[in-house]
Amino acid sequence: MKIGIFGGSFDPIHNGHINLALSVIDMLTLNKLIIIPASSPPHKEISGLASKNDRFNMCSIVANCYDGMEVSCMEIKRGGKSYTIDTLKEIRSVYKDDEIYLILGSDMFFSIKDFKCSSEIFKMCTLCVVPRRAQETDCIREYASFLRNIGASVVVLDIAPIEISSTQVRERLKSNRDISKFLPGNVEQYIREKRLYGLGGEYLIKEYK
């Protein structure tokens with residue numbers, strides 16, 4: 001089987017994440033894409049996160065809408081810093097003989113060589129990088145060539161980026177601006193019902209089917 005691994009903070013998961021996930025499933029003909037919310041990402045400082053459970057629940061809401069997607073709580077259960085090598089080892093313990101694709105945005109891709117046990121990561125999976133911006137493509141292809149020369153297997157996917165950030169989504173939510181182009185309705189409803197990201201209860205929650 002072909003298994004995709006898609007990790008991140010997902011604070012919250014938004015339409016950019018979803019478009020990427022669906023495109024990767026289609027372009028790589030994946031049998032399964034596993035979304036893995038991070039417990040505490042080691043590569044960046046993040047403040048104002050929703051709880052681990054809420055981030056997991058929002059990812060589950062999305063995954064339940066699509067065939068071939070599922071959510072894993074392995075990093076949340078593990079706790080502490082979430083290192084890619086530890087997650088891959090856990091995945092490999094289940095999918096011993098399958099093809100594993102590690103989905104990376106360009107920011108993580110350019111720093112992958114500095115990850116803990118990066119040479120071991122290269123042996124365990126194929127790196128799948130998706131440009132965040134169209135102008136990054138040439139630099140990504142050049143760096144992919146460098147990584148292949150040091151033993152990595154790399155696939156560069158030509159997916160038109162949807163430039164949405166979780167920070168942007170949180171800011172729009174806090175100011176009660178329209179969020180319909182950024183979030184699925186059922187995720188927005190969850191956020192407002194749980195009053196995440198400092199939201200009050202004055203906003204009229206829509207009914208979503």
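**Aromatic contacts**

Tutor: Phe109 is buried, at a relative accessible area of 0% (buried is under 20%, exposed over 50%, partly exposed in between, with a 1.4 Å probe and protein chains only). The model is predicted, so local features need pLDDT of at least 70 and side-chain atom pairs pLDDT 80 or more, while totals for chains, interfaces and linings use all residues. Residues are numbered from 1 along each chain as its sequence is written, and side-chain values use heavy atoms, without hydrogens and water.

Student: How are the rings of Phe109 and Tyr143 arranged?

Tutor: Their centres are 5.5 Å apart and their planes at 90°, so the pair is edge-to-face. Rings of Phe, Tyr and Trp (its six-membered ring) pair if their centres lie within 6.5 Å; planes under 30 degrees apart are stacked, over 60 edge-to-face, and the rest tilted.

Student: Which helices hold Phe109 and Tyr143?

Tutor: Phe109 is in helix α5 (residues 106-109) and Tyr143 in helix α7 (residues 137-149), so the pair ties together parts 34 residues apart in sequence. Helices are DSSP runs of H or I with at least four residues, numbered from the N terminus.

Student: Is Tyr143 buried or exposed?

Tutor: Tyr143 is buried, at 17% relative accessible area.

Student: Which residues form the aromatic cluster?

Tutor: Phe109, Phe110, Tyr143 and Phe146.

Student: How many aromatic pairs are there in the whole structure?

Tutor: Five. One of them is Phe109 with Phe110, whose centres are 5.8 Å apart and planes at 55°, so that pair is tilted.

Methods. Helices (H or I, at least four residues) and strands (E, at least two) are DSSP runs, numbered from the N terminus.
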